[in-house]
Amino acid sequence: MLNKLRNEAKRNVFAHSYLLSTEAHITFLERSTGGDFTVKKHTYSLPEFQKHVETFLEAGKDFHE
């Protein structure tokens, strides 16, 4: 469960990225940390982002148990 929390939560992406948003979507721009500069887009609709957060919360609960 700890690996799931660390690897799938995308905390660094959400905490350290630039944001682009429209009425329908939010995009987090993940920047490379070394080597050639690259950007990876993580785009979510509101329901998709809510599902991601719910999955993270469930993994946290499972880890606690």
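In what order do the elements of the protein run from the N terminus on? They run α-α-β-β-β-α. That makes three helices and three strands. Helices (H or I, at least four residues) and strands (E, at least two) are DSSP runs, numbered from the N terminus.

Before the details, a word on the source. This is a predicted model, in which local features need pLDDT of at least 70 and side-chain atom pairs count only at pLDDT 80 or more, while totals for chains, interfaces and linings use all residues. Residues are numbered from 1 along each chain as its sequence is written, and side-chain values use heavy atoms, with hydrogens and water left out.

Now the overall picture. The C-alpha trace spans about 40 × 35 × 10 Å along its principal axes. Of the 65 residues, 18% count as buried; buried means under 20% relative accessible area, exposed over 50%, and partly exposed in between, with a 1.4 Å probe and protein chains only. Contact means heavy atoms within 4.5 Å. Among contacts with a separation of 6 or more, 31% come from residues 24 or more positions apart.

Next, serine 17. Its place is the loop between helix 2 (11–16) and strand 1 (18–21). Is serine 17 buried or exposed? Its relative accessible area is 16%, so serine 17 is buried. The side chain of serine 17 reaches the backbone oxygen of valine 13 at 2.5 Å. Leaving aside neighbours within four places in sequence, serine 17 is in contact with Asn12, Phe28, Leu29 and Glu30.

On to strand 2 (residues 25–31), where threonine 27 is found. Threonine 27 is buried, with a relative accessible area of 10%. Its side chain and that of threonine 43 are joined by a polar contact of 2.9 Å. A polar contact is a pair of N or O atoms within 3.5 Å; within protein, one must be able to donate a hydrogen and the other to accept it, and residues adjacent in sequence count only if both atoms are side-chain atoms. Not counting residues up to four places away in sequence, threonine 27 touches Tyr18, Leu19, Leu20, Lys41, His42 and Thr43.

Lysine 40 lies in strand 3 (residues 39–45). With the same exclusion of residues up to four places away, lysine 40 touches Phe28, Leu29 and Glu30.

Then the aromatic rings. Rings of Phe, Tyr and Trp (its six-membered ring) pair if their centres lie within 6.5 Å; planes under 30 degrees apart count as stacked, over 60 as edge-to-face and the rest as tilted. The count comes to six aromatic pairs. In one of them, the rings of tyrosine 44 and phenylalanine 49 have centres 5.6 Å apart and planes at 70°, so the pair is edge-to-face. Tyrosine 44 counts as buried at 9% relative accessibility, whereas phenylalanine 49, at 25%, counts as partly exposed. Ring pairs link Phe14, Phe28, Tyr44 and Phe49 into a cluster.
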